[in-house]
Amino acid sequence: MRLVRTRRTLIAALFAPLALLTPTAAHATPAAPAAAHQRVHRAPGETITLPVREALDALPVADESRSGYSRDKFRHWTDADRNGCNARAEVLLAEAVTAPEVGPKCALTGGSWYSPYDDRYLTSASQLDVDHLVPLAEAWDSGASAWTPKEREAYANDLDDPRALIAVSAASNRSKADKDPTDWMPPYSPYWCEYVTDWVADKTRYQLSVDPAEQAALTEQLAACPDRPITVTLAH
């Protein structure tokens, strides 16, 4: 069952920087950049908290490749808890402003939703898409091509972190397609800081890379945003 979505501002202690080793040689070796200290092996299930700009600096930077990608390689909209509602429906139920009625086979009628991408209220589930915040193709480009099918399935149906999947208007989602923040930002600009903060959190959760242009775009946008701490439970 999907966790109930709360405001994404997470109050947590700032990530404690790692101490530098005291040099013993006559001529000390210059300290490595702070971000390099963050690029250490972490285990799935570990929860970390750090400022979002530091989290971005800690992501590996690599060129992307879409070779071999197919959406079918991410089995999505599964019903992991076998309650009759698949992952898409679970997101719609969790994010409804006004709860819809749930009929046979989890058919949703009535209800209302808010689409933060374009600042719209919608009154039918058919008007919404459930967006993978970091699109499946982008995840593939950034490291998921090396995952197992089960790992990609878990990514495509992630109900444990409310930032991973988000209900938005179908029009805004289809405008976004598989673009990263280099090429697309939500039409509603007051949402930009939350969008890029959640993007970094999602990539951190799955230890996905960023390409140089994506890193530059995120750095530029986050410079105009609060350096909020993000708390992430690593899934990969």
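1. E214 is buried, with a relative accessible area of 0% (buried means under 20% relative accessible area, with a 1.4 Å probe and protein chains only). This residue is found in helix 8; helices are DSSP runs of H or I with at least four residues, numbered from the N terminus.

2. The model is a predicted one, in which local features need pLDDT of at least 70 and side-chain atom pairs count only at pLDDT 80 or more, while totals for chains, interfaces and linings use all residues. Residues are numbered from 1 along each chain as its sequence is written, and side-chain values use heavy atoms, without hydrogens and water.

3. Leaving aside neighbours within four places in sequence, E214 is in contact with E64, E138, D180, T182, W199, K203 and S209 (contact means heavy atoms within 4.5 Å). From E214 to D183 the C-alpha to C-alpha distance is 8.8 Å, and the two are 31 residues apart in sequence.

4. Helix 7 (residues 192-205) packs with helix 8 (residues 212-222) at an angle of about 135°, and their axes are 10 Å apart; axes are lines fitted to C-alpha atoms over the stretch in contact, and angles run from 0 to 180 degrees between N-to-C directions. The contact involves W192, C193, V196, T197, W199, V200 and K203 of helix 7, and E214, L218, Q221 and L222 of helix 8.

5. In the protein as a whole, 46% of the 236 residues count as buried. Among contacts between residues at least 6 apart in sequence, 74% join residues at least 24 apart.

Terms used:
Helix = DSSP H or I, 4+ residues; strand = E, 2+ residues; numbered from the N terminus. Buried < 20%, exposed > 50% of the residue type's maximum accessible area, 1.4 Å probe, protein only.
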